[in-house]
Amino acid sequence: MKTTTRVAKVSAATCTAFTLLLTSCIYNRQSAIDPAGPQSGRIDTLWWSFFWLLGAIFLIVMVLTAMTLTRQHRGFEQEPLEALHKASEKTEARLRSVITGATIVSIVILFVLIVASTVTGKANSELQNKKNPLTIQVTGTQWWWQIEYKMGDPTRSLVTANEIHIPVGRPIQIRGASNDVIHSFWVPNLNGKRDLIPSRITTEWLEADHPGAYRGQCAEFCGLQHAHMALWVIAEPEDKFNAWLEAQLQPAASPRTPEEIKGEQVFMNHACIYCHAIEGTPAAGQSGPDLTHFGSRRGIAANTLPNTMGNLAGWILDPQTIKPGNHMATIEVSSGDLQPLLEYLESLK
Amino acid sequence: MRASQDIYPQSVDVERDVEQLRNSWRHPRGVLGWLSFTTHQAIGTRYIVTAFIMLLAGGIEALMIRTQLMRANNGYLGPERYNQIFTTHGTTMMFLFAVPVMEGMAIYLVPLMCGTRNVAFPRLNAFGYWMYLFGVLFLYWGVFTNTAPDVGWFAYPPLSGPQYTPGKSTDFWAQMITFTEVSALCVAAEIIATISKMRAPGMSLNRMPLYIWSILIQSWMIIFAMPAIVLASSYLLSDRTVGTHFVNPAEGGDPLLYQHIFWFFGHPEVYIIFIPALGFVSAIVVAHARREIVGYTAMVLAQIANGFIAFGLWVHHMFATDLPQIGEAYFTASSMMIAVTSGVQIFCWIATLWSGRPRMTTALHFVYGFIAIFVLGGLTGVMLAAVPLDLQAHDTYFVVAHFHYVLIGGALFPLFGAFYHWHPKFTGRLMNETLGRANFWVLFAGFNLTFFPMHILGLKGMPRRIYTYPPGMGWDGLNLLATVGAWIIAAGGILFIVNFLWSRKNGEVAGNNPWDADSLEWAASSPPANYNFEYLPAVTSRYPLWAPREQRGVVTGLATDRREALVTTLMDAEPHHRYILPGSSIWPLISAICVTIGFAGSVFNGWYITWGAIISGLAFIGWFWPKRPLEPAHD
C-alpha cells in the first residue's frame, strides 16, 4: 500500500507538470470567436455585425443619457417648469415626436437583425444538403462521451470515446443521444451547441475548413462532474483521416513485451472488464469508454487529464480524487501489477 | 404637522376623527399581538426585511461561487458543495429575494399611492407573508442539514428525477416552490383587488401613477405564470414521490415537456421581477427630475405589451434542443419585440430627464446606473434572441453576464434607488446622501468589474455551472477580475447596510414630502400612521400633490371608529360603497402553520397531505367563523 501511495504522489506531481505543459496550448481552442469551419464562421460574422450595430446604439443611448446631466438648468430657464412640472405644449410635442422616431428606428433595426439572424440560420442548415456526409453518433453519459462512426458497411462501424476525428472539408452529421441525463455537445470553434436528450435523437451539422484540434465541453448541467466532460475534435486532411480510421478499425494490438503481456492479464483478471471493452480480447464491458485504441487518445477521464503514463497511474489508483463522484470504481491494483497495466494500456495505439 | 391639513374642510372635527382612527387601527400588544398584525405597513416591512436577509444569504453564496472560480483547479469547494451553492444562490435570488421584495414594496406602497387605508384582504396578506417566511425556513432547513438542492434553480429532469438525484434535496426545492407560489398568488390577488377597487376617488385608470400600473401588470402576470410552475414542480414532485413518470424519459415521460412548462413560467418570472422595478424608475424619475413623465400613454401601453409578450418567448431558453427552424424564427421575433417595448420606456425616461430639472440625489444616481446597465443587458438580450448566436452563447458565461445585467441592473439598482427614495416615508428619516453616493459608485464599479468580463469568458468557451476549469484556457485572468469585482459589490452592500443603520438614528428628519414628489404616499405622514390618511384623498390629476391647492380635496364622512375604507369603481374610481376591513387576527398565522405542516411533512411521508389538509381545513374554519355583524356607523 505504501508504494501505491508513493506512486500516486509522484503521478500527481507529474500530472500537474504535464497538465501545465500541455494545456498551455489549449488557449483559443475552445472559442466561439475563432471559427474553424463555415458554420462557426457565419455565426462569427453575425456576432460581429450585432456587436458593432448594437454597440453603436449603446453608445448613442449613453451619450444622450449623459447629456441630460449637462442640461440641468436649460429647461427651467426657458420654461416655467418648476411651477407647472411640465414644459410648454410645443416642447412636449417635440419630445413625443422624437420618441416616436426613435421607436420606429429601433423597429427597423430589429427587423434587419431578425432577417440577418434567420438568413444565417438558413445558410447554416444548408450543410445537410452537401454530398458525402459522415455520420457520427455522440452519446452523452455521466461524465464522458461515447463516439460511434456510423458507416454504410456495418462491419466498418467504430466505437471510441471522448475524441472525434473528422476529415477537413467534409460535412459531418452529429447524431446526439444520451444514456442518462441531458448533456450538450458543444465545440465552439466549429458550431453552436446541441442538447443530447435521453429518449430523443438530435442532429447537428458541422464542418472544419482547416486542420486542427478543437476542444469541446458539455454545456448542459449534468451533475457532479459537469465540469470534467470535455472532448477533442481533431480535423485532419482526408488521407490522414482515412489512415486513422483504418487503424481504429483494427482490433487491439496484441501485447508484445513481457510487461505488456502481464499487463493484459492484470486487466483481464481485475474488475476493469466489467465496464470496459477492448476489441479482440474477452473484455467487453459496455458501461465505460471503449479502450481498444486507448493509447492513441489525447486524454483520460473525458480529457480531465492529458494521456500520460503518470496521469493514468494516478487515475487508476484514485479516480475519486481526480474526478470526485465519477462512476469509475477504485480497484486495488498491487504495486507490482501497476506498471505492466500502464504499459499495456498505453500500448493500445 | 398633519398631512395636508390646509385642504381639510371646515366642518370636520379632526381631533375626534384622528383619536378614533388611532383606536380602531391600533396594533394589539404583546408577542401574540405582534404575530396578529394585518396592516399593510407591518406586513410590507416584514416582507422587505426578510427579503433583504435573503439577499444577504444569496450574496454570500455568490461570493462563495466567485471565490471557488477565482483560479483554475481551485479546491475551495468540491463539486457537491459547489452545485448546492449555485443552486441555492439562484433559487434564493429568484424565489426568495427578488419576487418577494417587489411584493413587499408593493404591499407597503400600493395602499398609500392609491390613497386608501390597507390592502383589500389584510388577513390574506398576513397569511401570504407567513407562507413566504415558512418557505424560506423550509429551504434553509434543507441547506443547513446538508440537504441543499443541487440540480440548478431550473431542476431539469431526468437529472432532478429520482434515479439521478435520490434523497430529499430536490423535494425540498420543489416544495419550497409551492410555498412561494401560494404567497405570490395571495399577494397578486390582493394587489389587483386593491388597485382595481380601492383607488382614491377620481384616480381613474388614466391617472394612476406608473408604478401602480407596473405592479398591476406584474400581479396579473403572476396569476398567469404561477400555475405553470405549479404544474412543473408538481410533475417533478409526484414523479419523485409516487413514480408518476410525467417527465421521466426512462418510463416514457418527456423531459422537454418539463422545460416548456418551466420556461412558460420562468421567462415571465424575470419580467415579474423587473416590471415593478421599472415602476420604481418612473416614480423616481418624475419626483427627482421634478417633471411630469413624457409619454405617459406610451409608457403604460409599452408595459402592458411587455406583460403580454413575456408569455410568448419562453422557447428562446430551449433553442439548443433542436426544435424546428420555423418555430424558432417566431420566438426570435417575439424576443426582439421586448427590445421595442423596453426601448420606448428608456426613451421616455431620457426625454423626461432631458427636459426636466434632475436633482442628482442618490436615488437618481441609481436610475442613471440602471439605464447604463439595463440597456447593455437588453442589447445582449437581443443578441441571445438570434438563434445562431444563442447556440454559441447559451449556457455559457455570456448568458450569466446577460441576465445579471438585466436583473441586477434592471431590478436591484432600481430597488436600491427606490429604497433611498422611499426610506424617508418608511422611517421618517432621510438616508445619508454622501454615503449613498459612495454606495452607488462602489456597487456600480463592482458590478461592471464582476459581470462585464463574463461576456468575454462566455465567448471564449466557458460554460456555466462548472465547479472548476483547467489552466491554460485563457479564462484565469478574467475570472480573477470577476472575483475581485464580487468582493467590491460586497463592500457596496456593506456601505448600504451601514447607511441604513446610521440613518435610523441620525438621518435628517424628512417630513411628509422631502422630495416635493407628486404621488399620494407623500401626503401621508412619515412614517405613515396605521390608517395612512386622516381623510382619504380625492384626486383630480395624474400628479395629485402637484395639483393647485384648489383642486385638491379629501373624502369625509367615512366611519373612523372602525376600519372603514372606500370602494370605488374600476375605470373612473367613482365612490361606490364602504368596506369594512378586518382587523388584527392570529388565524392567518395558525392557518399558515397548518398548511406548512402539510407541505413540509409531505416531503417525508405522503400521509402528511391528508393530515395537513384536515388541520388546515380546521384552521380556515376558525379563520372564517362568522362574527357578529358590527353596529352600523353612527353618523
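In chain A, residues 24 or more positions apart make up 67% of the contacts with a separation of 6 or more, a contact being two residues whose C-beta atoms, placed from the backbone, lie within 7 Å. This is a predicted model, in which local features need pLDDT of at least 70 and side-chain atom pairs count only at pLDDT 80 or more, while totals for chains, interfaces and linings use all residues. Residues are numbered from 1 along each chain as its sequence is written, and chains are lettered from A and ligands numbered from 1 in the order in which they are written.

**Chain A overall**
- You will find 11 helices and 12 strands in chain A; these are DSSP runs numbered from the N terminus, helices being H or I with at least four residues and strands E with at least two.
- Of its 349 residues, 43% count as buried, that is, with 20 or more other C-beta atoms within 10 Å of their own.

**Where chain A meets chain B**
- Contacts link 79 residues of chain A with 74 residues of chain B.
- Elements giving two or more residues to the chain A side include α1 (2–23), α2 (38–70) and β8 (202–206).
- The most comes from α5(A), with 19 residues.
- By type, the chain A side has 38 nonpolar, 31 polar and 10 charged residues; Ala, Val, Leu, Ile, Met, Phe, Trp, Tyr, Cys and Pro count as nonpolar, Asp, Glu, Lys and Arg as charged, and the others, Gly among them, as polar.

**A helix pair in chain A**
- Helices α7 (258–269) and α11 (335–346) of chain A pack at about 100°, their axes 7 Å apart.
- α7(A) and α11(A) are therefore roughly perpendicular, the term for angles of 65 to 115 degrees.
- Among the residues that meet are Phe267(A) in α7(A) and Tyr344(A) in α11(A).

Note on methods: Axes are lines fitted to C-alpha atoms, for helices over the stretch in contact, and angles run from 0 to 180 degrees between N-to-C directions. Angles under 35 degrees count as roughly parallel, over 145 as roughly antiparallel, 65 to 115 as roughly perpendicular and the rest as oblique. A residue is buried if 20 or more other C-beta atoms lie within 10 Å of its own, exposed if 12 or fewer, and partly exposed in between; C-beta atoms are placed from the backbone.
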